[in-house]
Each structure stands twice: as structure tokens, then as C-alpha cells.
Amino acid sequence: MKRGDLVKRKGENWIGVVIEMVKSGNYIYPKLIWVDEDAPLHRFSPAADDRIDSCSETLLEVISECK
């Protein structure tokens, strides 16, 4: 996973773009911005107004790699 990749949260319809990879000790995790694919009909749910998030790579699947 790298900056610019389009990702999907496993088990959800949340689509996001990785904006950077952050290192914390020996762990590297993606920082991303969620994109509401159903806007304006669907209310974004993970963080009502703050679409910048981070999580384990294991919770995401890359749907389009940045080249």
C-alpha cells in the first residue's frame, strides 16, 4: 500500500485515498481520506465530518494502485 492508492474498507462500502504512510515505531500504517461514493444521498458514517482517518492495512483492500 502506498500514497495515492484507492482503497476500500473490508466489509463496508467506504472508499478512500491513501494520503501518506505513517511510521510509528516498527509499524507503518496508512493515513487516508474517505470519499463518500453515494453523496449526497448517503451520510458518511465512520467520522461524521472528519474524513481523515488511519487504520491497519489489514482492514483495507487496494482497489486501484497509484503508479
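Colleague: How do you know that strand S1 and strand S2 pair?

Modeller: In this predicted model, three bridges join S1, residues 6–9, to S2, residues 15–24. Pairing requires at least two bridges between the strands, so S1 and S2 count as paired, and they run antiparallel. Within this pair, Val-7 has Gly-16 of S2 as its bridge partner, and Leu-6 stands opposite Val-17 in S2.

Colleague: What lies between S1 and S2 in their hairpin?

Modeller: Five residues separate the two strands. In the turn, Gly-11 has a positive phi of about 80°.

Colleague: What makes S2 and strand S3 a pair?

Modeller: Nine bridges join S2 to S3, which covers residues 27–35. The criterion is at least two bridges, so S2 and S3 are paired; their directions are antiparallel. One of the contacts links Ile-15 to its bridge partner in S3, Val-35. S2 and S3 also form a hairpin, with two residues between the strands, and Gly-25 there takes a positive phi near 65°.

Colleague: What is the order of the strands in the open sheet?

Modeller: The order of the five strands is S4-S3-S2-S1-S5, and the pairing is antiparallel.

Colleague: Why are S4 and S5 called edge strands?

Modeller: Strand S4 (52–54) and strand S5 (60–64) each pair on one side only. From one strand to the next, the twist averages 45°.

Colleague: Where do side chains point in a regular strand?

Modeller: As a general rule, they alternate between the two faces of the sheet.

Definitions and conventions: Residues are numbered from 1 along each chain as its sequence is written. This is a predicted model: local features need pLDDT of at least 70, side-chain atom pairs count only at pLDDT 80 or more; totals for chains, interfaces and linings use all residues. Side-chain values use heavy atoms; hydrogens and water are left out. Helices (H or I, at least four residues) and strands (E, at least two) are DSSP runs, numbered from the N terminus. Axes are lines fitted to C-alpha atoms, for helices over the stretch in contact, and angles run from 0 to 180 degrees between N-to-C directions.
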